[in-house]
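Me: I've got this one open in the viewer. Can you walk me through it?

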Amino acid sequence: MTIPTPYYLVDKTVLLKNLEKISYLRQRSGVKCLLALKCFATWSVFDLMAEHMDGTTSSSLNEVRLGREKFGGETHAYSVAFGDGEIDEVIANADKVIFNSLSQLERFHNRTGGRPVGLRLNPQVSYSNFIIADPARPNSRLGEWDMARIEASLDKISGVMIHCHCENGDFDAFSKILAEIEEKFGAVLERLDWVSLGGGIHFTGEDYPLEALAERLKGFAERYGVEVYLEPGEAAITNSTSLEVTVLDTVRNGKDIAIVDSSIEAHMLDLLIYRLEARIAPDSGAHNYMIAGKSCLAGDIFGEFQFDKPLSVGDRISISDAGGYTMVKKNWFNGVQMPSIAVRELDGRVNLVKGFTYTDYVESLS
Ligand SMILES: *Cc1c(COP(=O)(O)O)cnc(C)c1O
């Protein structure tokens, strides 16, 4: 079966490699790993992921429901702010509830029906190359940092969540930040049952010292007598997914430009927000092309790449590492056809699992 482009292609064989590293880390360190649904919520592959992860964490009512219904395992509910009208349904779907602020904790802790309750802490240190993604940025609203105020509410919580990394592939940097967290919050951690260290640790990357991470996490858990969670999003799915597109036209204006049946703004929005280029493989050859999207946005550009022959209409291009923060953000800008979702099974067969139609476009507005 040939699937019409554009489509996202999730390759379970690559996904499994990440998941096996997650399982290894869990076994070596005793930590639990919860998938952060805000990064990746393509539930067709949750059956495979659930074999290697302990459950999910969420940032909204919709996500916590999805985690409960489609992933199973342990379901954590977190939100920057819960609303009065959603909190009961959030709690009904959650095994643990984590509040972002002491005021949310005060407001809702009586409604949690005996479930373990946590509070997000902001250690005021972080690893992030982007200010927009830095939880410890100046005037951050993400988590509490004042020890005196936190200690006064300790009787209401059994754990904390500290998320302060973004794509951190540097183990030493992680370990140093953890040491600062221990320094700052150690007295609180000793009195808790569980600590989630959030996501953003790129431990499934090539050459990441997994063994050292496992040791560090195990030591941390033992020192404070806590159960430790990680919340990987990107690390769980990195490199597992491509965006498959087709060249619709080629034009020239100082450079050769190929226009494809997709759009960076609609289908890989994260690249636009972070001003990053897409990647394609192998990206080698004598012919340089700017690959651009078909929306009206002048800057709808995936990047410049090398090809071994001139591109022409109908040529297929595969954009790499298009799984994280892409499908969860896709939109109907310009009415561009939304990419289907396909899965390459472990035996190599490719199945189309979702297609989008004009009706979906119409139904997305009123
Ligand atoms: C975004 C986020 C994650 C996942 O981050 P990744 O960088 O995708 O691993 C985990 N926990 C919290 C609280 C988050 O906000």
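Reply: Start with the record. The UniProt annotation "domain: Orn/DAP/Arg decarboxylase 2 C-terminal", from an unreviewed entry, covers residues 175–323. UniProt positions are given in the numbering used here, feature names are shortened, and annotations may be inferred rather than shown by experiment.

Me: What is the chain like over residues 175–323?
Reply: It is 29% helix and 30% strand there, and the end C-alpha atoms are 27 Å apart. Helices (H or I, at least four residues) and strands (E, at least two) are DSSP runs, numbered from the N terminus.

Me: Ground rules before we go on?
Reply: This is a predicted model: local features need pLDDT of at least 70, side-chain atom pairs count only at pLDDT 80 or more, and totals for chains, interfaces and linings use all residues. Residues are numbered from 1 along each chain as its sequence is written, and side-chain values use heavy atoms, with hydrogens and water left out.

Me: How do H1 and H8 cross?
Reply: Helix H1 (residues 12–29) and helix H8 (residues 210–224) have axes that come within 8 Å and cross at roughly 40°. Axes are lines fitted to C-alpha atoms, for helices over the stretch in contact, and angles run from 0 to 180 degrees between N-to-C directions. That makes H1 oblique to H8. Angles under 35 degrees count as roughly parallel, over 145 as roughly antiparallel, 65 to 115 as roughly perpendicular and the rest as oblique.

Me: Which residues make the contact?
Reply: From H1, Lys-21, Tyr-24, Leu-25, Arg-28 and Ser-29. From H8, Leu-210, Glu-211, Leu-213, Ala-214, Leu-217 and Lys-218. Contact means heavy atoms within 4.5 Å.

Me: New topic. Where is Phe-40, and is it buried or exposed?
Reply: Phe-40 is in the loop between strand S2 (32–36) and helix H2 (46–50). It is buried, with a relative accessible area of 1%. Buried means under 20% relative accessible area, exposed over 50%, partly exposed in between (1.4 Å probe, protein chains only).

Me: What does Phe-40 touch?
Reply: Not counting residues up to four places away in sequence, the list includes Leu-35, Met-49, Ile-237, Met-327 and Val-328. Val-328 is 288 residues from Phe-40 along the chain, yet their C-alpha atoms are separated by 6.3 Å.

Me: And His-267?
Reply: His-267 sits in helix H10 (residues 264–267). At 0% relative accessibility, it counts as buried. Leaving aside neighbours within four places in sequence, His-267 contacts residues including Tyr-8, Leu-243, Thr-326 and Pro-339.

Me: Which residues of H3 are buried?
Reply: In helix H3 (residues 61–71), Leu-61, Glu-63, Val-64, Leu-66, Gly-67 and Phe-71 are. Their cover includes S2, H2, strand S3 (55–57), strand S4 (74–79) and helix H4 (87–92). Gly-72 follows H3, with a positive phi near 80°.

Me: Which peptide bonds are cis?
Reply: Among them, Thr-5 to Pro-6, with omega near 0°, and Ala-281 to Pro-282, with omega near 5°. Pro-6 lies in the segment before strand S1 (7–11). Pro-282 is in the loop between strand S12 (279–280) and strand S13 (287–292).

Me: Why flag those?
Reply: Most residues other than glycine have a negative phi, and most peptide bonds are trans.

Me: What about phi at Asp-207 and Asp-283?
Reply: Asp-207 has a positive phi of about 65°, and Asp-283 has one near 55°. Asp-207 is exposed, with a relative accessible area of 75%. Asp-283 lies in the loop between S12 and S13 and is partly exposed, at 32% relative accessibility.
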